[in-house]
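Please look over the sequence and the fold before reading on. The paragraphs below go through them piece by piece.

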Amino acid sequence: MMKMLEQRVADRSFLNLIRKWLKAGILEADGNVQNPVSGTPQGGIISPVLANIYLHYSLDLWFEKVFRKTCRGTAFLVRYADDFVAGFQYHGDADRFRAALAERLGKFKLTLAEEKTGVHLFTRFRKRDSKRFNFLGFEYRWGRSLKGTDVVRLRTNPKKMHQSLAAFTAWLKERRNKRLKTIFWELNLKLRGYYNYFGVTGNWRSLQRFHEEVVRTLFRRLNRRSQKRSFNWKGFAAVMSHYGMEKPRITWGRYDQSCMSLA
């Protein structure tokens, strides 16, 4: 890690501060101090930044400067934090990358999550044989545009949606006895963030389904605040209108598909 930082940082005082921080102990809830043996402290403020730097040198540059030059066809790698997808024009290049990747990461004492790692066919020329895959909360699959051209379509990963709804239910269970003004204000913040992330063109049905599930859950939970039922659906619709509940919307348009149009 320190050798990687020294490639771009010349300030010795700053480097020494990072070195001390990497060796600093972690105070547990029971009062014990755990001294890290390797890696960055779990939950540390700059741990994500250092992890990105580590993967930049151990993975990104190796793929760009070394492995891609050995490929027969087009190849690309897209990484966000510790999740990444690599695409190859030829299946042989994909197999070679899968084999070389474990060896490369092993040199930096990193391992792959085998349950999340695999080689899949994903091509517009064999759409029926292509497999869908998940990345950063989205499910990717082939589809057709209104003009009849092949496009990569995104929808919310069903597993991710289930987790989001479960988290919302748990949050509402804790907040249901607050004032309605407070509940809807906090709820709109959550919905706005959700739609800003998942509101990609082509994902309208998933957004609508998520919104409907949120409304049903909210209706049930708020009606349990007392022994007497608080709302019927007509009255609840008036409450949502009064507090201006966020509605699903597309927040970002057609993404760049050039890297996903594999041969």
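The model is a predicted one, in which local features need pLDDT of at least 70, side-chain atom pairs count only at pLDDT 80 or more, and totals for chains, interfaces and linings use all residues. Residues are numbered from 1 along each chain as its sequence is written, and side-chain values use heavy atoms, with hydrogens and water left out.

Helices (H or I, at least four residues) and strands (E, at least two) are DSSP runs, numbered from the N terminus. Strands of a sheet pair through backbone hydrogen bonds, either parallel or antiparallel. Two strands are taken to pair if DSSP finds at least two bridges between them. An open sheet of three strands has the order β5-β6-β7, and the pairing is antiparallel. β5 (133-135) and β7 are the edge strands; each has a single partner strand, so one side of each is left without a neighbour in the sheet. On average, and with direction ignored, neighbouring strands of this sheet are turned by 40 degrees against each other.

The two pairings can be taken in turn. β5 is joined to strand β6 (residues 138-144) by three bridges, and F135 stands opposite F138 in β6. Between β6 and β7 there are seven bridges. F138 also has a bridge partner in β7, namely T156. The hairpin of β6 and β7 has five residues between the strands, and G148 there takes a positive phi near 90 degrees.

Which residues other than glycine have a positive phi near 55 degrees? Most residues other than glycine have a negative phi, and most peptide bonds are trans. A81 has a positive phi near 55 degrees, and its place is in the loop between β3 (75-80) and β4 (83-88). L136 also has a positive phi near 55 degrees and is found in the loop between β5 and β6. For accessibility, buried means under 20% relative accessible area, exposed over 50%, and partly exposed in between (1.4 Å probe, protein chains only). A81, at 34%, is partly exposed, and L136 counts as partly exposed because its relative accessibility is 27%.

The loop between β7 (150-156) and α5 holds N157. With a relative accessible area of 13%, N157 is buried. Contact here means heavy atoms within 4.5 Å. Not counting residues up to four places away in sequence, N157 touches N134, G137, F138 and E139.

Helix α5 (residues 158-175) includes H162. H162 counts as exposed because its relative accessibility is 59%.

Two packed helices are described by the angle between their axes and the distance between the axes. Axes are lines fitted to C-alpha atoms, for helices over the stretch in contact, and angles run from 0 to 180 degrees between N-to-C directions. The axes of α5 and helix α7 (residues 204-222) come within 11 Å and cross at roughly 25 degrees. α5 and α7 are therefore roughly parallel to each other; angles under 35 degrees count as roughly parallel, over 145 as roughly antiparallel, 65 to 115 as roughly perpendicular and the rest as oblique. On the α5 side the contact includes M161, L165 and F168, and on the α7 side F210, V214 and L218 are among the residues. By class, this contact has seven nonpolar, four polar and four charged residues. Ala, Val, Leu, Ile, Met, Phe, Trp, Tyr, Cys and Pro count as nonpolar, Asp, Glu, Lys and Arg as charged, and the others, Gly among them, as polar.

Helix α6 (residues 180-198) contains I183, which is buried at 1% relative accessibility. I183 and L172 are eleven residues apart along the chain, and their C-alpha atoms are separated by 8.2 Å. Among the residues that I183 touches, not counting those up to four places away in sequence, are W171, L172, L218 and L222.

The other helix pair is formed by α3 (residues 47-67) and α4 (residues 91-106), which pack at an angle of about 140 degrees with their axes 12 Å apart. That angle makes α3 oblique to α4. Residues of the contact include Y57, W62 and F63 of α3 and F97, A100 and L101 of α4. The contact residues divide into eight nonpolar, one polar and three charged.
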